[in-house]
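I opened the model to look up its packing and one of its helices. My entries follow.

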Amino acid sequence: MKARITVTLKNGVLDPQGKAIEHALSGLGFDGVGSVRQGKVFDVELAGTDKAKAEADLKAMCDKLLANTVIENYAVEIA
Amino acid sequence: MKSAVVLLPGLNRDRDMIAALTKISGQAPATVWQTDTEIPDVDLIAIPGGFSFGDYLRCGAIAARMPVMRAVAEKAAKGVMVIGVCNGFQILVEAGLLPGALMRNASLKFVCRQVKLEIANANTMFTRRYQPGQIIRSPVAHHDGNYFADAETLARLEGEGQVVFRYAEGTNPNGSINDIAGIISEKGNVLGLMPHPENLIEAAHGGSDGRALFEGALGIAA
């Protein structure tokens, strides 16, 4: 089973890297870029076929390691 | 007073911390490796700076999940003093022993220079040898020292005197919220700070402003 975890910064958390990317994009002539927020994507391969268990495991992985829930949100997507 | 230093792959200020503790306390600290599940009976546990696990995932994130950190948490719960410097501070917040998070510097640049610190709370085991509001010097060297906490946590930290060190006089090197350079746990035994007091303890360092922190924590006469 394949899963994709997306980790993004919570609203209200400053993202200096996203800001720098935003400025670089306007420097390249891309007009109308409102804002850019940088995040992370994890592609995880799982053994087993129980989707509900996989989802619970993936969420636990996010809570325990993959995301810092003080500053980040996460979304789990199972293919 | 006895101390221990936590060793993790990728730390690079461990020898500085060991040297500082040895010089100030007169005895070498015990060292504990990342896989150790027990820490000897000590009064102070220090987590040095560096780039544990290459700063992969998030600074301090992998280190915070190593077995030795469970042992540190157990000791902290029993009231043993813990100090985390730089990467050590990042590890303490990732381990949930201190609130908030340390984000990429607002400038996006690695900063390596001397800053001024204000003693925001002199009523802690670590700062009792300083005067309230005293300005001391300290080196900083980090890429991710931009302290962040949500409004509620921040209000609690400020209200309870848990902000111990603040960057003074416009020297905030990283965009840290409320100029926060170091915070202490609610119980007052776990301290995390981005600056490196262990690198300013004797004349050869160009000053000894950081020495009183360790003397205070270890109960050693100045």
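**Core**

I looked up the largest nonpolar core and found 73 residues, with B:Ile83 and B:Leu92 having the most contacts inside it. Such a core is a set of buried Ala, Val, Leu, Ile, Met, Phe, Trp, Tyr and Cys residues joined through C-beta atoms within 7 Å. Buried means 20 or more other C-beta atoms within 10 Å of a residue's own, with C-beta atoms placed from the backbone. Helix 1 (residues 14-25) of chain B gives this core its largest share, 5 residues. Helices are DSSP runs of H or I of at least four residues and strands are E runs of at least two, numbered from the N terminus.

I noted that the model is predicted: local features need pLDDT of at least 70 and side-chain atom pairs 80 or more, while totals for chains, interfaces and linings use all residues. Residues are numbered from 1 along each chain as its sequence is written, and chains are lettered from A and ligands numbered from 1 in the order written.

Leaving aside neighbours within four places in sequence, I found B:Ile83 in contact (C-beta atoms within 7 Å) with B:Leu44, B:Ala46, B:Phe126, B:Leu191 and B:Ala217.

**Helix 1 of chain B**

I listed its buried residues: B:Met17, B:Ile18, B:Ala20, B:Leu21, B:Ile24 and B:Ser25. Just after the helix, B:Gly26 has a positive phi of about 80°.

Note on methods
Buried ≥ 20, exposed ≤ 12 C-beta atoms within 10 Å, placed from the backbone. Contact = placed C-beta atoms within 7 Å.
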